[in-house]
Amino acid sequence: MSNPRDLVVDLPSDREITMTRSFAAPRELVYAAHTRAEHLKHWWGRGNPLDVEIDFREGGHYRYVEHADDGNDYAFRGEFREIVVPERIVQTFEFEGMPGQVAVETLVFTEHDGRTTVTGTTRFDTTEQRDGMADSGMAQGAAESYAALDRHLATLR
């Protein structure tokens, strides 16, 4: 049996990737950690230094720049399309290193017995884009970021 904190990655369709992870924290806190710069900067970029610009509202934008151990900067940006506090966020996602390849992410936050599960479904325009993202090391990066989120949440309890 896997650890409930392990990241689970699925390919539910030919254009989607779903990642699911559970956290020992209430939903409102996990949601806030995904929507506020003061939290995001501690975990989103695998725990590396992160510049965060965020206008968290429908129609608002975000941009994160990760300053990685390899000396490179990796920038990501998107727009918030739908926000249902503290249940759901729909946003676009674009890695600036691959401009024009914009995916749509839906994050769903559910709480049960004090644990919050985050289910993120990313939809791509093509199977090739999905496969390229799946092969990019994205799951490892997400697992590292969520481990950093676990550590950050522990400091807030």
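**Charged pairs in the model**

Visitor: What does Asp 131 count as, going by its relative accessibility?
Guide: Asp 131 counts as partly exposed, at 29% relative accessibility, where buried means under 20% relative accessible area, exposed over 50% and partly exposed in between, with a 1.4 Å probe and protein chains only. This is a predicted model, in which local features need pLDDT of at least 70 and side-chain atom pairs count only at pLDDT 80 or more, while totals for chains, interfaces and linings use all residues. Residues are numbered from 1 along each chain as its sequence is written, and side-chain values use heavy atoms, with hydrogens and water left out.

Visitor: And which residue does Asp 131 meet in a salt bridge?
Guide: Its partner is Arg 130, at 2.6 Å from N to O; a salt bridge is a side-chain nitrogen of Lys or Arg within 4 Å of a carboxyl oxygen of Asp or Glu. Arg 130 counts as buried, at 10% relative accessibility.

Visitor: How many salt bridges are there by this rule?
Guide: The count comes to 10 salt bridges, among them one between Glu 94 and Arg 77, whose closest N and O atoms are 3.1 Å apart. Glu 94 lies in strand β6 (residues 88-95) and Arg 77 in strand β5 (residues 73-84), so this pair ties together parts that are 17 residues apart in sequence; strands are DSSP runs of E with at least two residues, numbered from the N terminus.

Visitor: Is Glu 94 buried or exposed?
Guide: Glu 94 is buried, with a relative accessible area of 10%, whereas Arg 77 is partly exposed, with 34%.

Key. Helix = DSSP H or I, 4+ residues; strand = E, 2+ residues; numbered from the N terminus.
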